[in-house]
Amino acid sequence: MAAKSPSPSAPSHTTIEVALGDRSYEIRVGAGLVANAGSHLSPLLTDPARRGGVAVVTDSNVAALHLPALAGALDAAGVPHRAVVLEPGEHTKDFAHLERLLDDLLGHGIERGGMLVALGGGVVGDLVGFAAAIALRGVDFIQVPTTLLAQVDSSVGGKTGINTRHGKNLVGAFHQPRLVLADIGVLDTLPPRELLAGYAEVVKYGLVGDAGFFAWLEENGRALIAGDRAARIEAVAASCRIKAAIVAADEREHGERALLNLGHTFAHAMEAETGFSDRLLHGEAVALGMVLALELSQQLGLCPDGAAERLRAHYAAVGLPADPAAYGFGADRLIAHMHHDKKVRGGALTFILARGIGRGIVVPDVEPGEVKRLLERRLAA
Ligand SMILES: NC(=O)c1ccc[n+]([C@@H]2O[C@H](COP(=O)([O-])OP(=O)(O)OC[C@H]3O[C@@H](n4cnc5c(N)ncnc54)[C@H](O)[C@@H]3O)[C@@H](O)[C@H]2O)c1
């Protein structure tokens with residue numbers, strides 16, 4: 001896989017199909033997709049009832065940077081639309097904001113044939129997707145993800161939802177979008193820390209199922225982070241291809257889709273411990289969690305020594321945090337959070353581990369004592 005510049009005759013975007021029968025849809029990855037959003041959206045609006053019902057939902061950061069281009073593109077295509085602008089941040093993914101959003105949509109007479117457009121990161125995508133799932137028992141929506149995390153992960157696969165006081169993502173629905181437009185150009189305005197946090201999810205795909213992709217990232221990751229568009233397109237498309245194949249095989253996470261949670265049991269515990277605050281972004285927690293998952297795999301003899309070291313070396317090369325000891329976590333507190341995690345069944349901890357780079361596995365009955373041993377060793381300052 002080489003990061004080449006597209007030739008002049010190359011199509012303006014790469015298309016990946018998420019094959020789910022009559023709920024199949026395309027992920028289009030490229031530059032300039034927002035500026036042409038009208039032509040991508042119009043074919044989905046052939047029902048005249050829909051033409052009055054496009055609501056673009058975004059957050060105020062993204063609205064300031066990218067809403068004018070999207071609105072202009074819809075105007076140019078003659079698609080009537082209106083915008084709903086939410087506060088940025090994880091706290092927006094809650095019941096109160098969901099209620100306000102639904103109230104706004106219903107107040108403006110959204111119809112069954114209406115269409116929501118989620119323009120933003122994973123927070124906007126998850127909230128809007130859930131609103132689309134339950135408004136009038138289901139309206140269509142499209143995802144226009146604007147963070148790297150949303151482009152490679154949250155916008156694809158139909159998991160939607162909100163957080164509750166009992167934990168993250170505990171209320172939600174599977175509701176697939178009709179289309180995903182991943183415009184690489186919008187990543188240029190993303191704060192570098194957010195870009196890197198999203199990159200952790202890109203690395204995840206290599207670790208879980210594609211050693212060749214991981215090796216490609218070792219070659220091209222720095223260029224991607226520095227802004228190389230061809231590398232970004234290649235990495236987003238490859239990530240979406242891997243996720244699309246897993247979702248097509250296991251849409252509702254009865255089996256292999258769980259592999260996409262590599263590092264997440266550790267990550268959720270660390271996020272809970274930092275109060276889901278800016279001290280540790282989700283992607284940063286996933287980065288640390290994946291190191292711990294490989295180290296636990298090595299400790300259990302599942303994975304050859306050296307895999308975690310190779311991962312840490314890659315993080316160091318691109319600038320991702322690799323050392324959970326830097327955050328002052330205590331092993332017992334992290335383990336207590338894990339027992340509250342929804343993936344704990346009957347006292348046993350389920351982890352996504354790896355037999356090596358590119359070989360993720362679900363391990364449903366990890367001894368809590370092994371986890372404690374690992375954490376006490378790794379969290380010691
Ligand atoms: N549904 C899923 O399958 C899935 C998968 C992974 C994560 N998630 C969820 O995704 C959420 C995290 O998503 P996120 O990391 O995208 O966070 P986010 O949506 O909060 O976006 C991060 C920040 O970047 C800003 N931003 C977004 N796009 C920008 C751009 N192009 N330029 C400048 N600023 C921009 C936002 O306003 C926000 O301040 C979490 O709630 C997580 O649970 C869902």
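## Ligand surroundings

A residue is near a molecule if one of its heavy atoms lies within 4 Å of it. In this predicted model, 26 residues are around the ligand, and D59, G122, T146, T147 and T189 come nearest among them.

For E90, an N or O atom of the side chain is 2.9 Å from an oxygen atom of the ligand. K168 also faces a ligand oxygen atom, with a polar side-chain atom 3.1 Å away. T146, one of the residues that come nearest, has a polar side-chain atom 2.7 Å from a nitrogen atom of the ligand.

## V123 and its contacts

V123 belongs to helix α4, which covers residues 122–134. Apart from neighbours within four places in sequence, V123 is in contact with G89, E90, T92 and K93.

The C-alpha atoms of V123 and P88 are 8.1 Å apart in space, while the two residues are 35 residues apart in sequence.

## Packing of α10 and α13

Two packed helices are described by the angle between their axes and the distance between the axes. For helix α10 (residues 282–299) and helix α13 (residues 368–379), the angle is about 120° and the axes are 10 Å apart. Angles of 65 to 115 degrees count as roughly perpendicular and those over 145 as roughly antiparallel, so α10 and α13 are oblique to each other. The crossing of α10 past α13 is right-handed.

On the α10 side, the contact is made by V291, L292, E295, L296 and Q299. The α13 side contributes E370, V371, R373, L374, L375, R377 and R378. By class, the residues of this contact are six nonpolar, five charged and one polar.

## Packing of α6 and α11

Helix α6 (residues 192–209) and helix α11 (residues 307–318) cross at roughly 150°, and their axes come within 12 Å. Because angles over 145 degrees count as roughly antiparallel, α6 is roughly antiparallel to α11. This crossing is right-handed.

From α6, the residues L196, Y199, V203 and L207 meet L311, H314, Y315 and V318 of α11. The contact of α6 with α11 has seven nonpolar residues, one polar residue and no charged residues.

Definitions and conventions
Residues numbered from 1 in each chain as written. Predicted model: local features only at pLDDT ≥ 70, side-chain atom pairs only at ≥ 80, totals over all residues. Heavy atoms only, no water. Axes fitted to C-alpha atoms, helices over the stretch in contact; angles between N-to-C directions. Helix = DSSP H or I, 4+ residues; strand = E, 2+ residues; numbered from the N terminus. Parallel < 35°, antiparallel > 145°, perpendicular 65-115°, else oblique. Left-handed = near helix turned anticlockwise from the far one by under 90°. Contact = heavy atoms within 4.5 Å. Nonpolar A, V, L, I, M, F, W, Y, C, P; charged D, E, K, R; others polar. Polar contact = N/O pair within 3.5 Å; in protein donor to acceptor, adjacent residues only side chain to side chain.
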